[in-house]
Amino acid sequence: MIDFFYQLLHPIQWVVAWIMVRFHDLFTAIGFNPAGGAAWSLSIVGLVVVIRILLIPLFVKQIKAMRGMQVIQPEMRKIQAKYKGKNDPASRQAMQQEMMALYRESGTNPMASCLPILLQSPIFLALFHTLNGIGQGKSIGPLNATLVEQADNATIFGSQLSDIFLKSWTTGEWNTIVLTAVMIVLMSASQFITQRQLMAKNTSSASMEGNPFAQQQKLMLYVLPVIFAVSGVNFPIGVLLYWLTTNVWSMGQQFFVIRRMPNPGSVAEKELEERKARRAARRGQVLTTDTSGPSGTGVTAEHTTNAPARRQRQQPKRGDSREQRRPGGPRSSQGPNR
């Protein structure tokens, strides 16, 4: 069964090997040692960059899906309140049907937020099988026997890319144990920071109430790092490098999106408006609140007005000025009799 599964992954594994070999050729051409760990490690990093660039359209769909879920939260809460306390099968089915109808009407697909992770899983497994094959001297496609031998002998910080924490623990290779342990910790920490950043900065408090998907995200905040830590002891160093690099990419990409295009009602949106206000103040402008924006949040600050105009000095009346310039002051209405 496992062999049949890896046969299905063979085309993806061939593509993964081809991308790694092309990057290896590039780094070799610019002066890296073809049998060194730097060339092969950077080839894995290059593989991550190519894959994440190809996944950018799906990442955009993920952002739209998350924003769509934010918009329909009021309607979702109405449906949940309508069927609150009704646990019979007919009521549950009716609630699910109304939820699906709401998704169709709004054009929101909750599964779109999981697409980048789902599509990376076959690539991750293909890389895992490829690096395991390197340790066993197996070639695939452009990764011929010569390159397999080079990759197998290549070392990074004194450890081979195919080394695994558990195997090194049994043989007492402390250099590999320390390296893999540090990479596992960094991999789990970067996953936690990425998920925490999403929930703390880019999720409104209203969307967290009664939202099953928000509760799932809350659960994933603590579950995913534990899964990475437990499963990481079986990953080769090359796979740990791949996953650590993709986590760092996700963290930076998400930071950029949250800072520039936050979800309505989130903490990140308030911070964005504060930054806009400070920049406008430095230019001598004042931001105005637009409550008729498409998001309906009342915090869109697209219109600016110039600073208040200088108040014009009021000119004195001609008669008053002549009287004030006289030595005796202004003439009294009851002057002396002639």
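This is a predicted model: local features need pLDDT of at least 70, side-chain atom pairs count only at pLDDT 80 or more; totals for chains, interfaces and linings use all residues.
Ile-30 counts as exposed because its relative accessibility is 55%; the labels used here are buried for under 20% relative accessible area, exposed for over 50% and partly exposed for anything in between, with a 1.4 Å probe and protein chains only. Ile-30 sits in the loop between helix H2 (10–29) and helix H3 (37–54), where helices (H or I, at least four residues) and strands (E, at least two) are DSSP runs numbered from the N terminus. Together with Leu-26, Phe-32 and Leu-42, Ile-30 makes up a nonpolar patch on the surface, with about 340 Å² of accessible area in total. Patches are built from residues with over 30% relative accessible area and no salt bridge, joining like charges within 9 Å and nonpolar side chains (Val, Leu, Ile, Met, Phe, Trp, Tyr) within 5 Å. The areas come from the Shrake-Rupley method with a 1.4 Å probe, and for residues only the protein chains shown count as cover.

Residues are numbered from 1 along each chain as its sequence is written, and side-chain values use heavy atoms, with hydrogens and water left out.

Now for the overall picture. The protein has 15 helices and four strands. Of its 338 residues, 39% are buried. The accessible surface comes to about 20,700 Å², and carbon and sulfur atoms own 60% of that.

Next comes the inside. In soluble globular proteins, nonpolar side chains tend to be buried together. Here the largest nonpolar core has 42 residues, and Trp-40, Leu-47, Leu-127, Leu-143 and Tyr-242 have the most contacts inside it. A core of this kind is a set of buried Ala, Val, Leu, Ile, Met, Phe, Trp, Tyr and Cys residues joined through side-chain atoms within 4.5 Å. At least two of the residues in this core come from each of H2, H3, helix H7 (115–135), helix H8 (145–153), helix H10 (174–201) and helix H13 (237–260). H7 gives the largest share, seven residues. Leaving aside residues up to four places away in sequence, Leu-127 touches Val-16, Met-20, Leu-47, Gly-238, Val-239 and Tyr-242. Another core, of eight residues, lies apart from this one and includes Met-76, Ile-79, Tyr-83 and Leu-102.

Rings of Phe, Tyr and Trp (its six-membered ring) pair if their centres lie within 6.5 Å; planes under 30 degrees apart count as stacked, over 60 as edge-to-face and the rest as tilted. That rule gives five aromatic pairs. Phe-165 and Trp-169 are stacked, because their ring centres are 5.9 Å apart and their planes stand at 25°. Both are in helix H9 (residues 165–171), four residues apart, or about one turn of the helix. Phe-165 is buried, at 14% relative accessibility, whereas Trp-169 is exposed, at 51%. Tyr-242 and Trp-243 make a tilted pair, with 5.9 Å from centre to centre and 40° between the planes, and both of these residues are buried. Phe-23, Phe-27 and Phe-32 form one aromatic cluster.

On to the charged side chains. The whole structure holds three salt bridges, each being a side-chain nitrogen of Lys or Arg within 4 Å of a carboxyl oxygen of Asp or Glu. Arg-22 pairs with Asp-25, the closest N and O atoms being 2.8 Å apart, and both lie three residues apart in helix H2. Lys-78 bridges to Glu-75, with 3.7 Å between the closest N and O atoms. Lys-78 is exposed, at 54% relative accessibility, while Glu-75 is partly exposed, at 38%. In the bridge between Lys-82 and Glu-98, the closest N and O atoms are 3.0 Å apart. This pair links distant parts of the chain, with Lys-82 in helix H5 and Glu-98 in helix H6 (residues 89–106), 16 residues apart.

Most residues other than glycine have a negative phi. Phe-157, although not a glycine, has a positive phi of about 55°. Phe-157 lies in the loop between strand E1 (155–156) and strand E2 (159–160) and is exposed, with a relative accessible area of 67%.

Terms used. Contact means heavy atoms within 4.5 Å.
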